[in-house]
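This briefing is meant for a reader who is meeting the structure for the first time. Please keep the sequence and the 3D view at hand while reading the points that follow.

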Amino acid sequence: MSVGANKVQVSGEDLQISVDASTDQQYVDVCGLKIRLARPYELDFEWIGNKGVLHQLQASWFCSRPKEKPMNPRLVGKPGVGKTALAYAAGKFLQVPVYFFQGTADTQPNDLLINPLVVETSADNSKVEYIASTVITAMIVGGVLILDEGNRMQEKAWASLAPLLDSRRYIESISVGLMLKAHPNFRFIATMNDDASCFELPEYIKSRLHPHISLDFPDRSEERRILEVNLPFANSTVLDYVADFLSVARREGEEYTPRDGIHIANYASKLLDYDKFCGRTSDPGDNVIRAVEQILGIRQSRFMKQILWKEKAA
Ligand SMILES: Nc1ncnc2c1ncn2[C@@H]1O[C@H](COP(=O)(O)OP(=O)(O)OP(=O)(O)O)[C@@H](O)[C@H]1O
Ligand SMILES: [Mg+2]
């Protein structure tokens, strides 16, 4: 740790993390400044299939020599295709804490750094605590930071991340006078939609976010397993139909995502369960048609009707 004119320079790996026994909250002390760390995100989740993209992502983070630096990949795909899920799975594979930062149009540069917060300690007393963002926390503990939907963030928010995303690997928090170098285990990934509802990234940021990894749709058998993992209680005939529906619709050029499939299968299965609860019997295929109509639209159910006609004709 070194102290410049007014600025403390410190590396994440040199900081001692302490834990408050009563709250289980982690803190670090930087020259008398007590900073509260963010909590990692814990998700019971299994990534299915598409091992190719998972390996590309892992390779871009891989470092086998002492001074080798990881890359900062950009994961791009349609909304609901599984970008966040893939980034999380890759992070968990490294067996380090995984943190999220959700990019929004209102994200301010300081939201990514360290902010003072007034905490009430009793009826008449309060104290100032410094709160580290998930970005800063991941840099200190040597975790993975998933900057989710980064393309929704404006340029001024990205600007503070520029030195972190090149070989310097540091961030400067002017408000607390701290220059923090990332722990060598720190890994970064930005996920982005390829729709038009987002800001175009500034060129100097784009040039730091490489490689560009595209996530595409899973095939029929992967999709069936994705549905099953995400909806373990759903009716298995419903899951089969929804996997068929997605694969037929995609062959016809429609771009329904795994998230659409999960919603359809979830609703169709609930319709079936509720009918059973009410003492009625209903057909899984009819419920999938109803779910498609109410989730994607009336016209979209034609693919499911085709599947049922073919089944009856066979
Ligand atoms: N390969 C997969 N294995 C397991 N679950 C998956 C897989 N792909 C997608 N999913 C599931 O699909 C849903 C949508 O995925 P996710 O939220 O990661 O999409 P996204 O691309 O990040 O969407 P958005 O752009 O809207 O943020 C989640 O419930 C996720 O668990
Ligand atoms: Mg996402």
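The buried residues of helix α2 are K83, A85, L86, A87, Y88, A89, A90 and G91, and with eight of its 11 residues buried the helix is mostly covered. The model in which this helix sits is a predicted one, and its chain holds 10 helices and 14 strands.

**Helix α2 and its cover**

- The elements that cover the buried residues of α2 include α1 (51-61), β6, β7, β10 and β13.
- Helix α2 lies across the strands β6, β7, β10 (144-148) and β13, and its direction makes an angle of about 175° with that of β10.
- A residue counts as buried here if 20 or more other C-beta atoms lie within 10 Å of its own C-beta atom, and this is the sense in which K83, A85 and L86, among others in α2, are called buried.
- Just after α2 comes Q95, which takes a positive phi of about 60°, and this residue is found in the loop that leads from α2 to β7 (98-102).

**The parallel sheet**

- Which strands make up the open sheet, and in what order do they lie? The sheet has five strands, arranged as β7-β10-β13-β6-β14, and their pairing is parallel.
- Strands β7 and β14 form the edges of this sheet, since each of them pairs on one side only.
- Neighbouring strands of the sheet are turned against each other by 25° on average, when direction is ignored.
- Strand β6 (residues 74-77) runs parallel to β14 and is joined to it by three bridges, and in this pairing V76 stands opposite S214 of β14.

- The shell around ligand 1 has 22 residues, of which I48, G82, K83, T84 and A85 come nearest.
- At least two residues of this shell are supplied by each of α2 (83-93), β13 (187-193), α6 (220-230) and α8 (258-277).
- By type, the residues of the shell divide into 10 nonpolar, nine polar and three charged.

**Two hairpins**

- Strands β3 and β4 run antiparallel and are joined by four bridges, with D20 standing opposite Q25 of β4.
- The hairpin of β3 and β4 has four residues between the strands, and within this hairpin D24 takes a positive phi near 65°.
- Strand β4 also pairs in the antiparallel sense with β5 (residues 33-36), again over four bridges, and the bridge partner of D29 in β5 is K34.
- Two residues lie between the strands of the hairpin formed by β4 and β5, and C31 in its turn has a positive phi of about 50°.

**Backbone features to look up**

- Most residues other than glycine have a negative phi, and most peptide bonds are trans.
- D24 has a positive phi of about 65° although it is not a glycine, and it lies in the loop between β3 (17-20) and β4 (25-30).
- Is D24 buried or exposed? D24 is exposed, because 8 other C-beta atoms lie within 10 Å and a residue with 12 or fewer counts as exposed.
- Q95, which is likewise not a glycine, has a positive phi near 60°, and it is exposed, with 6 other C-beta atoms within 10 Å.
- The peptide bond from H210 to P211 is cis, with omega near 0°, and P211 is found in the loop between α5 (203-206) and β14 (212-214).

**The chain as a whole**

- The C-alpha trace of the chain spans about 80 × 50 × 35 Å along its principal axes.
- Of the 314 residues in the chain, 37% count as buried.
- Among the contacts between residues at least 6 apart in sequence, 71% join residues that are at least 24 apart.

Methods: Residues numbered from 1 in each chain as written. Chains lettered and ligands numbered in written order. Predicted model: local features only at pLDDT ≥ 70, side-chain atom pairs only at ≥ 80, totals over all residues. Contact = placed C-beta atoms within 7 Å. Near = placed C-beta within 6 Å. Nonpolar A, V, L, I, M, F, W, Y, C, P; charged D, E, K, R; others polar. Pairing = 2+ DSSP bridges. Axes fitted to C-alpha atoms, helices over the stretch in contact; angles between N-to-C directions.
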